[in-house]
Amino acid sequence: MQLVERSFRLEGSEGLGRRPRPELIGPVLSSLHDTLQDAVRMGFLHASHPRGRIPKVLSAAADVRFIDHIADDENSTTLRFEVATFGSAAAELFQQRVLWNDGPTEDQTAFELLGLTLNDVLERKTESNRFDGSLLARIGRYKSTLRGGLNAIGLPDAHIARPARIDREVVDAAGALHDVTPQQRRVRVTGRLDLMGASQGVLKLQVRGAEVVTAIWTGKRPIDELSGLFNRDVVLEGLGVFRPSGSLLRIDADAVAGATQQDEFFRELPRAVIAKDYVRLARLKPGETSAYARIFGCIPAEESDEEFQAALRALR
């Protein structure tokens, strides 16, 4: 097993340093495994809480061991861990064909996947494949941890292009994305069964052109029994999970059969009704003046009723 070192850097106004207060580091340590586990499952399965059988190697890929802690200064403490690379902890998942264009690489760890997820959340990427509603909710729950005296939880040595951290801005972004993520609903899709990942329980359907549907098999039949449908047109049914944009992230599929002529009606990607983010809509763009500011001061303080009505008509 190839182990590498990764860390969390805790930042706060007081109570950290070489002798940190237990109530500051305790919540981080207690939530660390579940957070990394969700990020790993999302990276390999596009589902942070998949239904049905979950490959044991995914648990091994999120297994971290605490080494020690060091102090950068009085306002920060770095927690050091050992974690396995995906290539050593989940080697069998890389023996099949690539299931995801943006999937994990063998030299990455759970910390890299979490960092990439946090950056997508910070940028509010509504089309991201790195989070679903459950993972957004988990990130949002760090609000209580940050209220306890921490300002940020950084990932200083994760090998990603931009540094990532959990802070109030990320937590607020996760909450906003979660609020506008459409509800799951039953869907049916027709397409060619183009790929099957037996160990992950993943199916991919080519609907038309470059449109592809990803599904996690949750049916009672073993996925191996579906091999006779490979490279054939099938109709797939299950619970549709959507991105905040309203596009389909995946299907938790529990039924599949060979497609008939009548199933051609379902040869398209379902979409969900997008919930409006009223907070984002009300937020002013850089340099934009609010409607109140545009009105305020443009009407004289003393004028007749006729002048006031004329001024209002001029604003329309």
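Buried, as the word is used in these legends, means under 20% relative accessible area.

**View 1. A serine in the loop between strands S9 and S10 of the predicted model.** Ser 247 lies in the loop that runs between strand S9 (233-242) and strand S10 (248-258). Is Ser 247 buried or exposed? Its relative accessibility is 8%, and Ser 247 therefore counts as buried. When neighbours within four places in sequence are left aside, the residues in contact with Ser 247 are Glu 127, Phe 242 and Arg 271.

**View 2. An open sheet of five strands.** The strands of this sheet follow the order S2-S3-S1-S4-S5, and their pairing is antiparallel. S2 and strand S5 (165-167) form the edges, each of them pairing on one side only. From one strand to the next, the twist averages 20°. Between S1 and strand S4 (residues 150-154), which run antiparallel, there are four bridges, and Glu 11 has Ala 152 in S4 as its bridge partner. Two helices pack on this sheet: H4 touches S1, S2, S3 and S5, with a direction that makes about 40° with that of S1, while H7 touches S4 and S5, with a direction that makes about 80° with that of S5.

**View 3. Strand S3 and its two pairings.** Strand S3 (residues 76-84) is mostly covered, with eight of its nine residues buried. Strand S1 (residues 3-12) pairs with S3 in the antiparallel sense over nine bridges, and here Leu 3 stands opposite Ala 84 of S3. Strand S2 (residues 64-73) also pairs with S3 in the antiparallel sense, over eight bridges, and a hairpin of two residues joins S2 to S3. In this pairing, Asp 73 has Ser 76 in S3 as its bridge partner.

**View 4. Helix H4, largely enclosed by the rest of the structure.** Helix H4 (residues 110-122) has 13 residues and reaches 18 Å from its first C-alpha to its last, which is close to the 18 Å expected at 1.5 Å a residue. Why is H4 described as largely enclosed by the rest of the structure? The description applies because eleven of the 13 residues of H4 are buried. Among the buried residues are Phe 111, Leu 113, Leu 114, Leu 118 and Val 121, and the buried set also includes Glu 112, Asn 119 and Asp 120.

**View 5. Helix H5 crossing helix H7.** The axes of helix H5 (residues 133-140) and helix H7 (residues 168-180) come within 8 Å and cross at roughly 145°, and the crossing is left-handed. Which residues meet where H5 and H7 come together? On the H5 side they are Gly 133, Leu 136, Ala 137, Ile 139 and Gly 140, and these meet Val 170, Val 171, Ala 174, Leu 177 and His 178 in H7. Sorted by class, this contact has seven nonpolar residues, three polar residues and no charged ones.

**View 6. The buried residues of H5 and what covers them.** Within H5, the residues Leu 135, Leu 136, Arg 138, Ile 139 and Gly 140 are buried. The cover over the buried residues of H5 includes helix H1 (22-45), H4, helix H6 (142-147) and H7. Leu 136, Ile 139 and Gly 140, which are buried in H5, also belong to the set of H5 residues that meet H7.

Technical notes:
Residues numbered from 1 in each chain as written. Predicted model: local features only at pLDDT ≥ 70, side-chain atom pairs only at ≥ 80, totals over all residues. Heavy atoms only, no water. Buried < 20%, exposed > 50% of the residue type's maximum accessible area, 1.4 Å probe, protein only. Pairing = 2+ DSSP bridges. Axes fitted to C-alpha atoms, helices over the stretch in contact; angles between N-to-C directions. Left-handed = near helix turned anticlockwise from the far one by under 90°. Contact = heavy atoms within 4.5 Å. Nonpolar A, V, L, I, M, F, W, Y, C, P; charged D, E, K, R; others polar. Expected span 1.5 Å × (residues − 1).
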